[in-house]
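Biologist: Please show me the entry. I would like to go through the terms used for it one by one.

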There are 2 protein chains.
Amino acid sequence: MEPVAERRPRKDAARNREAVLAAADDLFARCGSPEAVTMADIAAAAGVGKATLFRGFGDRTGLIHALYEARLEPVRAAIETGPPPLGPGTPPLQRIPALLDAVLCFKLDNRHLALALESSGGGDSPYRAPHYERWHRTLQAVLEQIPGLTDNAFTAHALLAATRADLVEHLAGHEQVPREHLRAQLAAYTARLLSPRPQQG
Amino acid sequence: MEPVAERRPRKDAARNREAVLAAADDLFARCGSPEAVTMADIAAAAGVGKATLFRGFGDRTGLIHALYEARLEPVRAAIETGPPPLGPGTPPLQRIPALLDAVLCFKLDNRHLALALESSGGGDSPYRAPHYERWHRTLQAVLEQIPGLTDNAFTAHALLAATRADLVEHLAGHEQVPREHLRAQLAAYTARLLSPRPQQG
DNA sequence: CGACAATACGGACCGTCGGTCCGTTTTACA
DNA sequence: TGTAAAACGGACCGACGGTCCGTATTGTCG
């Protein structure tokens, strides 16, 4: 177990990697549906050969995951080490809705990308992706701090399910529900679920 | 606008249609992931030419939708004209959990199929499918009958999202959560959302 | 029952897309 | 500047969804 130094990438490789991520983001945003964007399109838009895509990201889903993680990074940082109401140290009853609102806003701001990720194919369940597991762990951990709750693992899944990319797309895109309405509805839904209730016998 | 009599299909066509549905159901159940089943596979298993598939169902998603609707038919009937607690005439606070339980059980019993449907591709949003709209309409209508609720359209979406096929597959399949646990957790989640709460100021 | 029109059949065929191969070019380092 | 490692790119491949068209089946009418 040497502390292998993970040699830095060559600079053309780094430049191409960025170009590909930028081109992919742009194309997904521009085109209506994610599967209208082919790997050849992305390669061409990035001014790069197809093999460079596959060498750098493995396959299509690898590219989408890498892009998603990159765009998500700021949110992740805000949740893990940021100030309240998102960061740690926030009272659970405030932090839960803040977390869900952050997820929702991210998906609203990156609809095309979130859609590409979640509909990328049933080959790999979206539930096994690192970002989902992070969100689920975090949410569940905060739920644990609230007394009187049970089944927190399931609850965390159910709450996150309300922010699924295709649902967000359906409501914000097809049904034209304004952003602030959606945020308010998710907040109200969460509040209702978490609100205190009469003691059970 | 003549009342065009919708000429009945020829009997070989009818027989082939059934054979295709049966073969598809079987293959989806047998194989791990839906996209491992090709149209050629289904045609071969049904003892039929590929063109027969496409003539009868339009395209791949058409076939999956037709199969899904066919398997769902009994549940639909039970909801629309059956006895309580699923049918009409059930008190709303009992009917909501019954409806969600029915959805969950259907997806548990037809995991492969539900998965094939929902991950069939982002081309057409699952939210525009007839069966989803039926469920959403029904759920929303029942929610409307409960005083003190708001945003029922969103709430119905959020509740249904907790029964998404890939989530069910993740929990029941990958996480090995037993069927009855899952049903109990969904019931508890629903109950918590619907339970009466202290009057707001 | 026989003929004919309508309908359905099937598998060869096509275009596209994800992914790979390999000869060529660029980078890093001495 | 010489050289080996690393990355490049586009021709190439296999698979899959979907179509075409000559052939076979069905239903109907005389």
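Modeller: A crossing is left-handed if the near helix is turned anticlockwise from the far one by less than a right angle, and right-handed if clockwise. By that rule α4(A) passes α6(A) in a left-handed crossing. This is a predicted model, in which local features need pLDDT of at least 70 and side-chain atom pairs count only at pLDDT 80 or more, while totals for chains, interfaces and linings use all residues. Residues are numbered from 1 along each chain as its sequence is written, with chains lettered from A and ligands numbered from 1 in the order in which they are written.

Biologist: Why are α4(A) and α6(A) called oblique to each other?

Modeller: The axes of α4 (residues 60-81) and α6 (residues 111-118) of chain A come within 10 Å and cross at roughly 140°. Angles under 35 degrees count as roughly parallel, over 145 as roughly antiparallel, 65 to 115 as roughly perpendicular and the rest as oblique. α4(A) and α6(A) are therefore oblique.

Biologist: Which residues make the contact of α4(A) with α6(A)?

Modeller: From α4(A) they are I64(A), H65(A), L67(A), Y68(A) and R71(A), and from α6(A) L113(A), A116(A) and L117(A). Contact requires C-beta atoms, placed from the backbone, within 7 Å.

Biologist: What makes a residue of that contact nonpolar, polar or charged?

Modeller: Ala, Val, Leu, Ile, Met, Phe, Trp, Tyr, Cys and Pro count as nonpolar, Asp, Glu, Lys and Arg as charged, and the others, Gly among them, as polar. The contact of α4(A) with α6(A) then has 6 nonpolar, 1 polar and 1 charged residues.

Biologist: Which residues are closest to DNA strand C?

Modeller: T38(A), A51(A), D59(A), G49(B) and A51(B) are, out of 22 that surround DNA strand C. Here α3(B) gives the largest share, 4 residues.

Notes. Axes fitted to C-alpha atoms, helices over the stretch in contact; angles between N-to-C directions. Helix = DSSP H or I, 4+ residues; strand = E, 2+ residues; numbered from the N terminus. Contact = placed C-beta atoms within 7 Å. Near = placed C-beta within 6 Å.
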